[in-house]
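Work through the following exercises with the model in view. Each task is followed by a solution in steps.

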Amino acid sequence: MAASNHLDTPAGQTADNIIGFARALRAAGIPVGPGAVIDAMTAIQLVDIGHRTDVFTTLEAIFVKRHEHAAIFAQAFDLFFRAAEDWKQMLDSVPLPDQAKKKPPPAARRVQEAFSQGRVTETAPAQAEEARVSVSDQEILQKKDFAQMTAAEVAAVTRAIATMTLPQAELRTRRYRPDAKGLRLDMRRTLRGSLRTGGDIVDIHKLGRIEKPAPIVALLDISGSMSEYTRLFLHFLHAITDARKRVSVFLFGTRLTNVTRSLRARDPDEALARCSALVEDWAGGTRIATSLHVFNKLWGRRVLGQGAIALLISDGLEREADSRLAFEMDRLHRSCRRLIWLNPLLRYGGFEPKAQGIKMMLPHVDEFRPVHNLKSIEGLIEALSMPQPHHGLIRSAA
Amino acid sequence: MTASALPKSVDAMLTLLSSRGYLAERSLATVTYLSLRMGRPLFLEGEAGVGKTEIAKVLAAGLGRKLIRLQCYEGLDVASAVYEWNSAAQMIAIRLAEAAGDTDREQLSGDIFAERFLIKRPLLQALEPDVAGAPVLLIDELDRADEAFEAYLLEILSDFQITIPEFGTVKAPQAPIVVITSNRTREIHDALKRRCLYHWVDYPSAERELAIVKSRVPGISAKLSEQVVRFVQALRTQDFYKSPGVAETLDWANALQELDARSLTPQVIGDSLGALLKYQDDIARLQGDTLQKVLKEATSES
C-alpha cells in the first residue's frame, strides 16, 4: 500500500462515480469494502479514463474477487456506465444515498427479490410451539420417522440436532506441531533450549503431525419426493457447518445450488431462510444425473480435494435413469475419498434397490446408510468421526 | 538501478509482453500494469494451461529481474518456504566455542542466531535487495498449499516483511513483484484475495491462439496451424471434462510437426490425441461422430 501513497485520490465526478458504482455492486450482491473503493480510485488514475475496456478491467480486477461474480460485474458496469462518453449523464445515474434503495440496477433486482421472498415463504417448524421434551419423549423421538412427525416434534428434533457435536480428529495432514510423543526431531527448539545451558543438549523436542477433520461435501436432494426430510437435513448440515470449518453444501432438484455461504449464518433459522432464498426449485422434480454432471464439472475439483468425504442425500428416485447417471456417479466416487449415500427409503426393512436409478448408483458408493430418524443421524455422526478406509462398500442395516 | 524501467502505459506493457513471445489479451496486460504501478500482488486464476505461470517468467525476463519461484504443495511449511536455521552448522559453532573456552551465554546465542546460519528459502530471498531491482516472486498453484499457509502469506503480501523470532524483522527495501496463481482446486480465502488484484485468465480467442501457435511453434505451415486452432476451439465448445488449454494446443501442434502432418486427418488425430486430451472418458467421447463433426468444422473453410 505504501507504494500507492504518492498518488492523490481523485476528486469530483470520478470519485462520486466510483463510490456510486461500488454501492450498486454491493446492492447486486458483490461484497465491496471501503478498502477496495480507495484502491479503485488510485488505480483509475493510472489508466486512460477514455479507454472503456481498460477502465472495465481495472475496476474488475479490484472489485471482483471470485470468478462467479464476473458476470454480475459486467452487467452492472454496462448499466452504470452506459453513456461512457457523456460524463454528465453518468453522474445522473449515480444512485445517491436516498435513492440507492429505489434504483438498484436490474442485475441486483434478482438477488434482492430472492432475498425478500425467502423471508416470506419461511414456514412451519420455526414457529411451532415450544414443547418441552421429557426423557421418555426423547426416546420415542429417536426412532420415529421424520416423515411422520408433527410440527412440535419436528421442532424438538431440530433442537436435538442443533446440540449434536461432531467429535474431531481425523485425517493426518502433512504439517507438524510440537508434540512430546512425535516422531520428528524439532532441531530448532532443541537447539534454542540447549543454549540456555550453554550448549549441552538437555531436552529433545519433537514434532508430531497435525490431525484435522476431513472436509465434508454434502449434496442434498430437495425434490418433491424428499420434501418431508429436506428441512431436517438442512438443520443437520447447518449443525455440522457450525462445528467444522470445511463443509460445503449443495442442494439439487432440477438444478444445482451452492448454499455453503448461506449456511454459515449462526442462527439456524436465518441460515435456512437464506438457503431457501437462493434455491429456485424446491420440491420439484429430480434430475440427479444432470445435477451431478454440473457438480463434477464445476465444483468437484474445487471442493473435493484434501481427502473430502462426500455425502449424497437422496432417495435415488430418478426418472431418466440411464448410463449417464452411472457415469457421473462413478466420476464423483473417483474424485472423493469416500462417498456415503444417505437414503431415507432404507427405513423399510425389506427395501430392495429395484428402482432403475438406485441400481445404477449403488455400485459406486462406499457406504449406504438409512437416515430417517434421529437414531440414524447419530449413527451417521459416529461414522463420520471414525478413522476410515479409503474406499470399499459398507452397507448398514436399516 | 533497475535493469529496465517499468512500463509507462498499458500499451507499453503489451509491447513488453509480446516482445518476449507472450501474446496477452489487453485485459491481462492492464491488470499486470496496474499491479506493477500499485505495488499490489497479482492473483491469477483460470483453467490449467492458459499461461498463468508463464506471465511471471516473461515479466522477469522482460524487466531483467530475478525470478524466484515457490511451488506450493500440501504440507508446505515455514522451513521450506521461508527460512530454516542450519542446525548442523550451529552445533559445530557451539562445540568450537566450547573448545575455545568461551562460556558467555549471551554472546553465544547472538553468534548462533546470526544471518550466516540462516538458510533462506524463496519467500525470504524475495525480500532481499537485488542489484537488478526487486525480484519477481511467483507463488505457483497456491491452492495446493494448506489453508494455514495462506494466513502466513498475509503478513508478507501486505507489508513485505518477515518476522524471525530469534533474529528480528526482515523488511524488503523495495517490494517484490508478486504473481500468485491458482487452479481453483479449492477456494482461496477472501482475506488473501482482498490484498491482490484479481484476474481470471480465460482461453484465448481463435485469432490470438493462432498468433500464439505461429510464434511458439516455428516452421508450422499456415494451413496446419489454422486447422489446429479451429479444431481446439471447436473442442472447447464441446462438453468435455477437461477442455484443452493453450499449453495443450502448443504440445499438440508440436506433436503434429514431429509426425510430419500436412493437415488434420482422423488417422493423425487418433495418433496424437494424447497430447490434447488427458482423460480417458474425454478421449473415448471424441471417437466416431463427434470427431467427424469437429474435424469437419476445423477443415471446412481451408
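**Exercise 1.** Determine whether Phe21(A) is buried or exposed.

*Solution.* Buried means under 20% relative accessible area and exposed over 50%, with partly exposed in between (1.4 Å probe, protein chains only). Phe21(A) has a relative accessible area of 0% and is therefore buried. This is a predicted model, in which local features need pLDDT of at least 70, side-chain atom pairs count only at pLDDT 80 or more, and totals for chains, interfaces and linings use all residues. Side-chain values use heavy atoms, without hydrogens and water, residues are numbered from 1 along each chain as its sequence is written, and chains are lettered from A and ligands numbered from 1 in the order in which they are written.

**Exercise 2.** Describe how the rings of Phe21(A) and Phe77(A) pair.

*Solution.* Step 1: rings of Phe, Tyr and Trp (its six-membered ring) pair if their centres lie within 6.5 Å; planes under 30 degrees apart count as stacked, over 60 as edge-to-face and the rest as tilted. Step 2: Phe21(A) and Phe77(A) are 6.0 Å apart centre to centre, with 80 degrees between the planes, which is edge-to-face. Step 3: Phe21(A) belongs to helix α1 of chain A and Phe77(A) to helix α4 of chain A, so the pair ties together parts 56 residues apart in sequence. Helices here are DSSP runs (H or I, at least four residues), numbered from the N terminus. Step 4: Phe77(A), at 2% relative accessibility, is buried.

**Exercise 3.** Which residues join Phe21(A) in a cluster linked by ring pairs?

*Solution.* The cluster holds Phe21(A) together with Phe56(A), Phe63(A), Phe73(A), Phe77(A), Phe80(A) and Phe81(A). One of these, Phe73(A), is buried at 0% relative accessible area.

Key: Helix = DSSP H or I, 4+ residues; strand = E, 2+ residues; numbered from the N terminus.
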